[in-house]
There are 2 protein chains.
Amino acid sequence: MPTAPTKQTAATVAEPTRPARRRPGRPQGGRAIADRSQLLAAAELVISTNGPDATMEAIASGAGVTKPILYRGVGDRDALVAALAELLVDRINTASSVAYRRARTPRARMRSLVAAYIEVVESNRNLYLFVTAGGSNVDRVGQAMHLADRSAVPISAELAKQRAATKQSPAVALTWSYGLIGTLQFVTLWWLRDATITADQLVDHVTELLWSGVGGTSSPRPASRKAVT
Amino acid sequence: MPTAPTKQTAATVAEPTRPARRRPGRPQGGRAIADRSQLLAAAELVISTNGPDATMEAIASGAGVTKPILYRGVGDRDALVAALAELLVDRINTASSVAYRRARTPRARMRSLVAAYIEVVESNRNLYLFVTAGGSNVDRVGQAMHLADRSAVPISAELAKQRAATKQSPAVALTWSYGLIGTLQFVTLWWLRDATITADQLVDHVTELLWSGVGGTSSPRPASRKAVT
DNA sequence: CCCTGAAAATTACCGGAGGTAACTTCGACC
DNA sequence: GGTCGAAGTTACCTCCGGTAATTTTCAGGG
């Protein structure tokens, strides 16, 4: 956003003794370092190393800039959460796409989605925690909705249509989409906190729940094929 | 310790009349007003009326006390969230118990649980938002876990055991419990935000998803026996 | 060639919220 | 009556998100 034009011209000249920190004012190189993607990358690095409760100042400092630059580049904290959430969603989609296309049955496709979600979360632990629990308290719901919309809503909607579109209203698909995301998010958070089972087992259990339900015995699944990596 | 055993249950709710700021020091009445249950009730009132982003100072002021009393009575904000979460859990259990006992099939029991959850959430909207999104950012996972442990884990574990305890590890039940809670929580938050369907429809959809899964056709359910508009 | 205005950054500040120490007042007991 | 503990309020601290004010440099015209 264009800042208000400052009319202030310097009336008092400061002393030319500036040793350590970078002096204020326009840098001499001319070119800025405030590229948005670089800021996001630096934010991710800071969050991944220093934990999910990184302050905006720490993120800016990790990016080599100061807060106003960070705010000008990516907006406020919620915007940062949204941007990193989209980044995670992209990774989940990327991770699941190959197995997703290779899968034959719809259940296998579902499993690939679950596996990709958990895999990406596992390898981006802090970033995931930042995205799911790092936003402002008021708009957390909106964040999660956005995340859900961009991630699994299409896929789960497709899955849901396979059986329910004809005999129920299409609202089922939407509800189910959010249900799927809720299960994935909650289960993953629990698993990140105290992992008492392996990732493979988790994928199995979640897939079974999501596909067959608590009471259902829909299709005899192929008995835990592992080695997904 | 109070000498007189007078059970003073005066109305501590903040009145519109300006109470002329109580002077510091020990009150003259002798008995304190810092009962924990009263503080919690006042907190609930403030949250229900003023929204889920109530500050600790607002809650204390609504209770007729100041912040240190509130902190001495219920602990910090996370403790308050935990206490109110347990309160909500109790209400959910109470609301579901009667229908739960009356239900014949396991699926009907599941539906009663879902219906109770959504019903309680609907009538305690702000309180629910406070509990689910109001805690500190770092311990939100722990809060949700606690909530899950005390609420639906027993029931869902029982449900899960009905079919899976024999042929899979008991860890399935635990995973499924968190999955159920995740679905309920997320779907409910979405529905609270923009309710595009009725509560009855939501209960139907969620029950169908949780019981039969995305791909399952387990049991032909009784086709929405209630008047679903 | 200087001077002025725009651009780009840093520093300084503000406001609010959680949480706690310090102070004040009242009751009770010696 | 004096002193000590109990009960509460006020004032304060710290941290953090977010923004305004300031400082410096670059670009271009008189």
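**Figure 1. Contact between helix 5 and helix 10 of chain A.** A:Arg107, A:Met110, A:Arg111, A:Val114, A:Ala115, A:Ile118 and A:Glu122 in helix 5 of chain A meet A:Ala199, A:Leu202, A:Val203, A:Val206, A:Thr207, A:Leu210 and A:Trp211 in helix 10 of chain A; two residues are in contact if their C-beta atoms, placed from the backbone, lie within 7 Å. By class, this contact has 10 nonpolar, one polar and three charged residues (Ala, Val, Leu, Ile, Met, Phe, Trp, Tyr, Cys and Pro count as nonpolar, Asp, Glu, Lys and Arg as charged, and the others, Gly among them, as polar). The model is predicted: local features need pLDDT of at least 70 and side-chain atom pairs count only at pLDDT 80 or more, while totals for chains, interfaces and linings use all residues. Residues are numbered from 1 along each chain as its sequence is written, and chains are lettered from A and ligands numbered from 1 in the order in which they are written.

Figure 2. Axes are lines fitted to C-alpha atoms, for helices over the stretch in contact, and angles run from 0 to 180 degrees between N-to-C directions. Helices are DSSP runs (H or I, at least four residues), numbered from the N terminus.

**Figure 3. Surroundings of A:Val114.** Not counting residues up to four places away in sequence, A:Val114 touches A:Leu184, A:Val203, A:Val206, A:Thr207 and A:Leu210.

**Figure 4. Helix 1 and helix 4 of chain B.** The axes of helix 1 (residues 36-50) and helix 4 (residues 77-102) of chain B come within 11 Å and cross at roughly 85°, and these helices are therefore roughly perpendicular to each other. B:Leu40, B:Ala43 and B:Glu44 in helix 1 meet B:Leu80, B:Ala83, B:Leu84 and B:Leu87 in helix 4. By class, the contact has six nonpolar, no polar and one charged residues.

**Figure 5. A:Met56 in helix 2 of chain A.** A:Met56 lies in helix 2 (residues 56-62). A:Met56 is partly exposed, with 15 other C-beta atoms within 10 Å; a residue is buried at 20 or more such atoms, exposed at 12 or fewer, and partly exposed in between. A:Met56 touches A:Lys67, A:Leu70 and A:Arg77, not counting residues up to four places away in sequence.

Note on methods:
Helix = DSSP H or I, 4+ residues; strand = E, 2+ residues; numbered from the N terminus. Parallel < 35°, antiparallel > 145°, perpendicular 65-115°, else oblique.
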